[in-house]
Amino acid sequence: AQAAPSKAKEKAERARIVKYWTPKRMANAVPRDFVKRNGKFVPAKPGGNKPDKPGSGGGSGGSESTSSVTGASWTGGGPALNATGKVYFTMGSTNYVCSGAAVDDKSRSGYSLVLTAGHCLYDETAGRFATNWMFAPAYDTNPNGCSAAPHGCFTAVGLVVHGNYARAGGFNSQAIKHDWGFAVVGAGSNGGQLDGKVAEFPIAFGAADVARTSFGYPASGKYDGRDLVYCSGPVTTDRSHDTWGLHCDMTPGSSGGPWMQGFSLGTKSGTLNSVNSYKYNGGPNKKYMFGPKFGTRTQDTYDAALSALSNTRVD
């Protein structure tokens with residue numbers, strides 16, 4: 001078993017990270033999202049990428065549904081609002097932002113778990129974990145830093161990704177099939193555990209081809225990064241990569257946001273089974289958001305995160 005970091009050291013590191021993320025740094029953080037353009041995955045530009053060359057789109061998406069929500073402000077409150085938030089981190093010399101959600105940690109004492117995309121935890125090209133990692137839940141209610149945040153901000157004690165993501169060598173087909181991960185967070189900036197302040201979402205592995213609801217904080221185009229946005233509808237499969245697809249117009253900043261099956265408007269909650277991972281820059285798949293299919297390797301990553309106390313690659 002991993003030795004727990006000393007409480008004094010953990011508290012000092014939490015204070016350092018929270019202090020690092022000033023409102024100005026949070027506002028200026030760059031979305032870390034990817035699009036597939038002309039057959040290659042490239043970083044999404046905050047203002048949008050140039051369209052693909054004609055005929056360069058990926059495999060076909062699915063049939064549309066008139067009941068689908070392709071991008072709307074979430075105004076229903078509940079766990080969907082409180083347990084979903086923005087993720088901040090540093091890779092190299094760049095400060096980034098993604099989305100994430102609190103996930104069931106099996107009533108672990110002292111620590112909680114946040115689900116996000118692997119590329120919001122680990123630099124797949126440089127081969128190293130992110131630093132200064134912080135989760136700000138319910139960001140929609142207070143987009144002005146941690147000091148007045150309703151639940152506080154939560155910094156990572158350890159980041160956990162699958163080895164197949166870490167070894168991918170870049171954001172490619174191998175990476176996107178394993179583009180998930182978990183952050184182990186301790187007490188928040190306002191004190192207390194994350195799971196004592198918000199209702200965690202349950203998680204499932206090997207989910208069927210059913211309707212999904214996704215959430216995130218898109219921060220480009222018509223979205224300003226200050227509003228929790230959701231999409232909902234039937235899923236399809238990206239035949240090029242065997243990932244899920246959902247008709248959704250979320251933009252950069254939404255990476256790592258949760259996908260749920262069985263989402264209920266009554267409880268404002270559902271069961272986690274994927275995350276926002278990547279988009280296409282043109283062709284028939286441009287209107288879809290894609291996410292990895294959670295399975296046994298996702299469960300292995302989750303199981304390791306339940307006891308992790310430091311950065312961990314799961315093989």
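Modeller: Let's start with a word you'll need: a residue is buried when its relative accessible area is under 20%. Keep in mind that the model here is predicted.

Biologist: Fine. So are C98 and C120 buried or exposed?

Modeller: Both C98 and C120 are buried.

Biologist: And what joins C98 to C120?

Modeller: A disulfide is a covalent bond between the sulfur atoms of two cysteines. Here C98 and C120 are linked that way, with an S to S distance of 2.1 Å. C98 belongs to strand β6 while C120 sits in the loop between β7 and β8, so the bond ties together parts that are 22 residues apart in sequence.

Biologist: How many disulfides does the count come to?

Modeller: Three. Another one pairs C146 with C153, again with sulfur atoms 2.1 Å apart. The torsion about that S-S bond is about -100°, so this disulfide is left-handed. C146 counts as buried because its relative accessibility is 7%, and C153 counts as buried at 1%.

Biologist: Which hand has the link of C231 and C248?

Modeller: That link is right-handed, with 65° about the S-S bond. It connects distant parts of the chain, with C231 in strand β14 and C248 in the loop between β16 and β17, 17 residues apart. C231 and C248 are both buried. Number the bonded cysteines in sequence order and the pairing reads 1-2, 3-4, 5-6.

Biologist: On to charges. How many salt bridges does the structure hold?

Modeller: Seven. Take R16 and E13, whose side chains meet at 2.9 Å, N to O. Here's the general idea: an α-helix has 3.6 residues a turn, so residues three or four places apart point the same way. R16 counts as partly exposed, at 37% relative accessibility, and so does E13, at 34%.

Biologist: What about E124 and R32?

Modeller: Their side chains form a salt bridge too, 2.9 Å from N to O. E124 is in the loop between β8 and β9, and R32 is in the loop between β1 and β2, so the pair ties together parts that are 92 residues apart in sequence. Both E124 and R32 are buried.

Biologist: And where do R167 and D315 lie?

Modeller: Those two make a salt bridge of 2.4 Å, N to O. R167 lies in the loop between α4 and α5, and D315 in the segment after β21, so parts that are 148 residues apart in sequence are tied together. R167 is partly exposed, with a relative accessible area of 43%, whereas D315 is exposed at 69%. Salt bridges with shared partners also join R32, D123 and E124 into one network.

Biologist: How do I read a helix like α6? Which of its residues are buried?

Modeller: In α6, T298, T301, Y302 and A305 are buried. Looking down the axis of α6, its buried residues fall within an arc of 100°, so they line one face of the helix. The elements covering them include β6, β7, β11, β12 and β21.

Definitions and conventions:
Residues are numbered from 1 along each chain as its sequence is written. This is a predicted model: local features need pLDDT of at least 70, side-chain atom pairs count only at pLDDT 80 or more; totals for chains, interfaces and linings use all residues. Side-chain values use heavy atoms; hydrogens and water are left out. A salt bridge is a side-chain nitrogen of Lys or Arg within 4 Å of a carboxyl oxygen of Asp or Glu. Buried means under 20% relative accessible area, exposed over 50%, partly exposed in between (1.4 Å probe, protein chains only). Helices (H or I, at least four residues) and strands (E, at least two) are DSSP runs, numbered from the N terminus. The arc is that of the directions from the helix axis to the C-beta atoms. Contact means heavy atoms within 4.5 Å. A disulfide is a pair of cysteine sulfur atoms within 2.5 Å.
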